[in-house]
Amino acid sequence: MSWSFVVKCEVIARRMIVGLRGVVVGQAKAWLSNLHSERTARLARAVEEEVWAQVEVSGASQGIADLIVDAAVGNPRELIIYTEHDPLSEKPQAIIGVPNGGSESTKVDRPTAKLLKIEERTYFVVAATMEVLELLVDYLKVIVNMPLLTTDAMSRIIEYLKAFNSRTCQVVLGAGAMRSAGLKNITAKHLALASQSLSIMIALVPYIRETLRRHLNPKQAVILIEFDKLKRDYQEHQNEIHAKLIAIMGDRLAVHCKALSEIQWDQPPTKAGPNSYMEVLVKETVTLHKVLSKYLAEQSVELIMTQVFAAVNHRLSEEYGRIELPSQEAKTRLLTDAKYLHEKLSNLKGVNLPSSMLETVVMEKTVPRKGSPFPIRRATTMPSPVEGVSRRPSGMGSPLANGSASPNTIRMGSRPGTPTMHALLAGGRSSPSPSPMPTPPIGVGPIENGGLRSPISGTPRGSPRGSPRGSPLASPRLNPTSSLSPTRQPFAPPPQVQALQTPNESLQSPDSMQPPLTPPKDRKYIGLGLAAERDVPALDLPAPVEEPPTTTQFNGDGDLPPTPST
């Protein structure tokens with residue numbers, strides 16, 4: 001329109017008129033700005049006055065939706081503006097909503113419907129949504145008829161759609177409709193219809209984006225990413241509405257849990273069947289499912305109801321855990337509530353079946369026996385031993401013999417001589433577990449209690465605990481050439497022998513690794529200092545020092561040095 005006027009003037013003048021171009025472009029942008037302000041104000045007024053009630057879709061309204069879809073692949077005749085002075089004007093301007101430029105009477109021929117159809121999907125609509133779509137067509141007319149304003153019109157369309165998103169959020173999630181439209185409260189039905197309005201915009205945004213892409217050059221097409229951001233904003237807003245629906249049920253659930261906590265379980269029920277709190281909770285949940293199934297898509301209903309079921313099970317399981325049931329009759333009443341909830345929610349269509357978690361929680365609750373104030377406890381069985389873990393026998397030297405462990409003490413490992421975990425943590429000694437294969441004794445001596453020496457360290461099994469290294473109760477390290485009389489008292493090994501370190505020390509059991517203790521000097525030990533000579537062919541022992549045979553003499557305390565024999 002305006003640009004064709006500039007071109008004709010330049011043809012008549014046979015030169016480019018820069019000033020005229022600037023004036024026309026300026027006037028066009030000012031007109032677009034005024035148009036955008038007017039359309040945005042009408043949008044805000046329509047959304048604020050909306051009562052969020054479903055309306056029927058007229059033929060003209062369905063034609064507007066079809067027009068937006070068709071504009072993505074071509075310029076419909078309804079979008080082209082014809083004037084009398086334009087040589088391209090061969091037909092009068094087509095009526096909005098009437099296909100193929102039909103007459104006004106064709107609008108009546110189109111039947112009304114309850115749902116708005118976009119491609120193959122149907123949506124519930126409200127009056128404000130249809131008015132917003134009608135105003136949106138005016139921006140598409142600007143794009144089709146005024147190419148010089150394509151970029152400016154695109155930015156105005158984005159602002160227009162953002163304004164609808166923000167206004168809807170204010171009146172629904174922000175409860176602004178209670179003040180602007182006179183609603184008493186915001187119900188699940190209002191939220192569901194608001195979600196449908198957002199779904200309509202989400203479905204139409206890709207078609208609007210494609211319409212603008214056809215009228216932009218390739219360098220300007222990069223700015224179309226704003227429509228992708230706009231679509232994500234609508235989707236996030238829709239998710240917030242769905243979360244609000246779940247929060248409404250959460251608030252109602254808190255009220256019912258309060259009623260549950262006030263029930264006197266030690267008193268007989270006033271009526272048969274489930275308690276009142278459970279009946280009201282089931283009724284409200286079924287009503288929510290009915291409303292959502294009518295207005296929302298099946299996928300959205302399933303997502304919302306699944307989260308509602310999870311919230312109900314989680315909250316009620318916590319409340320049931322706090323209840324102290326005084327009798328078996330009270331437990332039966334609580335179990336009836338849980339079964340009633342599971343039965344009613346399982347009959348809902350289009351959603352996943354809820355779990356029977358509440359029934360399990362009630363069945364596991366304990367009640368006191370008759371005549372006993374203590375609740376019944378279920379017996380707990382210990383797991384059977386697995387491979388590599390054996391139970392320690394209650395024999396000599398075991399924790400059971402000393403009263404330091406329980407019968408369920410588990411011995412880690414089955415190798416002979418391995419101390420138990422209990423003994424290692426307590427810092428004490430532990431006797432080796434019986435070996436499945438017989439081990440030949442390394443040495444035998446006339447020790448007390450008739451016990452044998454340890455197969456590894458040579459420590460008597462019947463000896464007292466905590467025998468210090470180097471004491472008469474421990475196995476002394478002797479020179480193979482030395483000899484002892486069995487009837488003599490035990491003695492400490494010579495200094496030069498004690499300093500000798502042999503590989504046999506690596507064979508010492510953890511039982512003999514104890515901190516040194518000093519036995520009382522007035523105590524007599526008879527026959528406990530014997531040690532057997534060892535023959536370990538697999539180890540490379542250092543060559544023994546050749547010394548003349550010696551005999552050891554003691555003055556009764558074992559503190560005299562050895563003297564050479566004559």
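These questions and answers go through a predicted model. Local features need pLDDT of at least 70 and side-chain atom pairs count only at pLDDT 80 or more, while totals for chains, interfaces and linings use all residues. Residues are numbered from 1 along each chain as its sequence is written, and side-chain values use heavy atoms, with hydrogens and water left out.

Student: What is the mean pLDDT of the protein?
Tutor: pLDDT is the predictor's confidence in each residue, from 0 to 100. Of the protein's residues, 60% reach 70 or more. The mean is 73.

Student: How many contacts beyond four places in sequence does the model have for residues 495-512?
Tutor: Contact means heavy atoms within 4.5 Å. Over residues 495-512 pLDDT stays under 50. Where pLDDT is low, the predicted coordinates should not be read in detail. With that caution, the number of contacts is 30.

Student: How far apart are the end C-alpha atoms of helix α5?
Tutor: Helices (H or I, at least four residues) and strands (E, at least two) are DSSP runs, numbered from the N terminus. The expected span of a helix is 1.5 Å times one less than its number of residues. Helix α5 has 19 residues, 127-145, so it should span 27 Å. The model agrees, with the end C-alpha atoms apart by 28 Å.

Student: How many of the 19 residues of α5 are buried?
Tutor: Buried means under 20% relative accessible area, exposed over 50%, and partly exposed in between (1.4 Å probe, protein chains only). Helix α5 is largely enclosed by the rest of the structure, because its buried residues number 16 of the 19.

Student: Which residues does L161 contact, leaving aside neighbours within four places in sequence?
Tutor: L161 is among the residues with the most contacts inside the largest core. Its partners are L136, M201, V205, I208, L230 and Y234.

Student: Which residue forms a salt bridge with R209?
Tutor: A salt bridge is a side-chain nitrogen of Lys or Arg within 4 Å of a carboxyl oxygen of Asp or Glu. For R209 the closest N and O atoms are 3.6 Å apart, and the partner is D228. The pair links distant parts of the chain, 19 residues apart: R209 lies in helix α8 (residues 188-214), D228 in helix α9 (residues 225-261).

Student: What separates R213 and E210 in helix α8?
Tutor: Their side chains meet in a salt bridge, 2.5 Å from N to O. R213 is partly exposed at 38%, and E210 is partly exposed at 25%. They are three residues apart in α8, so the separation is about one helical turn.

Student: Is E319 buried or exposed?
Tutor: E319 forms a salt bridge with R322, the closest N and O atoms being 3.0 Å apart. R322 counts as exposed at 56% relative accessibility. E319 has 14%, so it counts as buried.

Student: Which residues does S61 contact, leaving aside its neighbours within four places in sequence?
Tutor: S61 sits in helix α3 (residues 59-70). With a relative accessible area of 14%, S61 is buried. Its contacts are L116 and M130.

Terms used:
Core = buried A, V, L, I, M, F, W, Y, C linked by side-chain atoms within 4.5 Å.
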